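Please work through the following exercises with the sequence and the model side by side, trying each task before reading its solution.

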Amino acid sequence: MKNKKISKILILGIAIYFVFQISIFLIGENTRTMAVELEDMELKINTKGLVIKDESVIVSNADGTFKNLHEEGEKVQKSENIGYIYKDIDIEKINSDIENLDKEINKLKEQIDSQDNSTLKHITANQLENSKNKKAILEKKAKSSTSYVKADISGVISYKIDENEGKYNTDSIDYLTKDDIENTNNNYTDINSNDKKIKENDPVFKIVNPNDVYIAVCIEEKYRKYFEVGNKIEISFNEEILDGKVNKVKKDNDDIIVILKITSQNIGIYDTRVEEFDIIYKHIEGFKIPKKSIKSVDKKKGVYILNQQTNNMEFVELSDVAYEADDYIFVKNDSSDKEKVIALHDEVVLNPNIINKKIK
């Protein structure tokens with residue numbers, strides 16, 4: 001009787017052992033891992049920015065019809081003629097008459113060269129002189145009735161203004177506040193007056209100095225360490241990336257105002273005053289690790305990786321954490337001489353538990 005009882009216990013023990021081994025095998029077979037890949041992480045903040053420019057609005061110096069000499073976005077030099085005004089004359093007719101006289105003068109010159117009769121040649125020469133005099137009178141009339149508009153600074157032509165050119169310029173940078181950034185709106189109007197009647201002192205174009213364009217943003221204290229003067233940054237605007245650097249950092253009560261200087265040219269930013277910008281303040285190359293993979297061992301946070309040679313699970317401490325989100329952390333690619341660091345293509349156990357981190 002006693003032997004039968006022992007046999008039952010032995011059989012039950014063997015059954016439990018096999019069930020346990022099968023369970024371990026199934027858990028091991030279904031242990032999910034993730035191969036670590038190298039990624040580029042952009043650290044950025046999205047914020048409203050106020051665009052500040054060295055810009056000049058040029059006004060008409062007379063009544064008349066305005067003519068552009070440059071298209072929007074073209075570069076001009078200081079004192080260059082960039083437009084002119086016809087003062088209450090039919091300049092189109094005058095130009096047409098001058099063009100007809102040019103044709104007539106060329107025709108008379110050809111006649112003189114081909115004529116053998118001295119009398120006819122003399123008559124034609126008089127006609128030629130008369131046509132030249134008529135042309136000179138028309139050119140003088142056109143010149144005296146034309147007023148040229150010049151660029152007062154070198155820069156890029158724009159035909160959009162918002163009446164904040166005098167308020168938000170490079171001289172105002174030291175006095176900007178959070179309210180300036182938050183309460184300013186885009187209010188641009190098109191002033192392209194080509195072939196249109198204008199009055200004296202009407203704005204006719206704007207020139208923007210592309211070397212002096214800034215963006216003022218307000219940041220939280222926790223980002224302050226990333227915005228040291230001279231630090232290079234990138235700014236995402238209209239699906240383009242602008243290069244820039246931190247030009248100035250100042251306190252406005254409890255707020256931190258950062259002035260970013262744009263170091264690459266983008267015509268689109270010349271005609272905007274405020275926008276939502278992505279300010280990319282740092283690029284990191286490293287590994288994105290899900291938080292569900294992270295465990296604490298001896299007060300060290302790390303992950304279990306699967307050793308491809310031994311099939312053992314090994315604990316690796318995570319150092320140099322560069323960024324932490326709700327469901328993942330971003331670890332720098334550490335090439336130091338530490339005994340064991342997480343490396344490219346390591347197999348990280350996604351849900352480590354008391355069983356799968358012990359099994360082979």
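**Exercise 1. Decide whether Asp162 is buried or exposed, and find what its side chain reaches.**

Solution. Asp162 has a relative accessible area of 5%, and because buried means under 20%, exposed over 50% and partly exposed in between (1.4 Å probe, protein chains only), Asp162 counts as buried. This is a predicted model, in which local features need pLDDT of at least 70 and side-chain atom pairs count only at pLDDT 80 or more, while totals for chains, interfaces and linings use all residues. Residues are numbered from 1 along each chain as its sequence is written, and side-chain values use heavy atoms, with hydrogens and water left out.

The side chain of Asp162 reaches the backbone nitrogen of Asn164 at 2.9 Å. Leaving aside residues up to four places away in sequence, Asp162 touches Asn187, Tyr188 and Arg273, contact meaning heavy atoms within 4.5 Å.

**Exercise 2. Classify the ring pair of Phe227 and Tyr281, and say which parts it ties together.**

Solution. Rings of Phe, Tyr and Trp (its six-membered ring) pair if their centres lie within 6.5 Å, and planes under 30 degrees apart count as stacked, over 60 as edge-to-face and the rest as tilted. The structure holds eight aromatic pairs. In the pair of Phe227 and Tyr281 the centres are 5.7 Å apart and the planes stand at 55°, so the pair is tilted. Because Phe227 lies in the loop between β11 (203-219) and β12 (232-237) and Tyr281 in strand β15 (residues 274-290), the pair ties together parts that are 54 residues apart in sequence.

Phe227 is buried at 0% relative accessibility, and Tyr281 is buried at 10%. Finally, ring pairs link Phe227 and Tyr281 with Tyr223 and Tyr226 into a cluster.

Key
Helices (H or I, at least four residues) and strands (E, at least two) are DSSP runs, numbered from the N terminus. A polar contact is a pair of N or O atoms within 3.5 Å; within protein, one must be able to donate a hydrogen and the other to accept it, and residues adjacent in sequence count only if both atoms are side-chain atoms.
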